[in-house]
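Trainee: I would like to learn how to read a model feature by feature. Please take me through one.

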Amino acid sequence: MTTPSAERKYSSKLRRWERDPWSFLWQQKKENAAKRKQLFTLTPEWVEEVGALGCPYLHLPFILQPPQPPGSPKGFTAIAPMTPTFDQIEAGEGYTEDNTRIISWWANRAKGEDSTEDFINYCRLVAAKPG
């Protein structure tokens, strides 16, 4: 059972997401970076422009899903394979235009902390393996 306060908070987040899902994702990441004391210089315009291109690894469009209601297993973030996520090219160097890619949750999960070069090489090995 959720509280009226949690319901109001969720309704507010949902309205923000409905107005502009890319700006909503930008705001969520900006708040998360501040909590972790990480550099964050991305703009909402950059996030929308880059996000509109889809996942650079899978060459597929992103699926923008609204935040989940309170009490959902994942909290306020709906995770699906093609949900956009922010990937730091050099982990720990912050979220700047030069150090950030917007990639699918699936690709980000598979890439983990690997460098882009190592990740691509691993993908090539998997693709070349028969069966």
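Trainee: How far is the sulfur of cysteine 55 from the closest cysteine sulfur, and in which residue is that sulfur?

Mentor: Start with the ground rules. This is a predicted model, where local features need pLDDT of at least 70, side-chain atom pairs count only at pLDDT 80 or more, and totals for chains, interfaces and linings use all residues. Residues are numbered from 1 along each chain as its sequence is written, and side-chain values use heavy atoms, with hydrogens and water left out. A disulfide is a pair of cysteine sulfur atoms within 2.5 Å. For cysteine 55, the closest cysteine sulfur belongs to cysteine 123, 10 Å away, which is too far for a bond. Searching the whole structure gives zero disulfides.

Trainee: Which residues of H2 are buried, and what covers them?

Mentor: First the general idea. An α-helix has 3.6 residues a turn, so residues three or four places apart point the same way. In H2 the buried residues are Pro21, Trp22, Phe24, Trp26, Lys29 and Ala33. Their cover includes helices H1 (4–19) and H3 (44–51), along with strands E1 (84–88) and E2 (100–104).

Trainee: How do H1 and H2 pack?

Mentor: Two packed helices are described by the angle between their axes and the distance between the axes. Axes are lines fitted to C-alpha atoms, for helices over the stretch in contact, and angles run from 0 to 180 degrees between N-to-C directions. For H1 and H2 the angle is about 125° and the axes are 5 Å apart. The two helices are therefore oblique (under 35 degrees is roughly parallel, over 145 roughly antiparallel, 65 to 115 roughly perpendicular, the rest oblique). Lys13, Arg16, Trp17 and Arg19 of H1 make the contact with Pro21, Phe24, Gln27 and Gln28 of H2 (heavy atoms within 4.5 Å).

Trainee: How many aromatic pairs are there?

Mentor: A pair of aromatic rings is described by the distance of the centres and the angle of the planes. Rings of Phe, Tyr and Trp (its six-membered ring) pair if their centres lie within 6.5 Å; planes under 30 degrees apart are stacked, over 60 edge-to-face, and the rest tilted. The count here is five. One of them joins phenylalanine 40 and tyrosine 95: tilted, 6.2 Å centre to centre, 50° between the planes. Phenylalanine 40 is in the loop between H2 and H3, tyrosine 95 in the loop between E1 and E2, 55 residues apart. Phenylalanine 40 is buried at 16%, and tyrosine 95 is buried at 7%.

Trainee: What kind of pair do tyrosine 57 and phenylalanine 119 form?

Mentor: That pair is edge-to-face, with 5.1 Å centre to centre and 80° between the planes. Tyrosine 57 sits in the loop between H3 and E1 and phenylalanine 119 in helix H5 (residues 116–128), so the pair ties together parts 62 residues apart in sequence. Tyrosine 57 and phenylalanine 119 are both buried.

Trainee: Which residues form one aromatic cluster?

Mentor: Trp26, Phe40, Phe86 and Tyr95 do.

Key. Buried < 20%, exposed > 50% of the residue type's maximum accessible area, 1.4 Å probe, protein only. Helix = DSSP H or I, 4+ residues; strand = E, 2+ residues; numbered from the N terminus.
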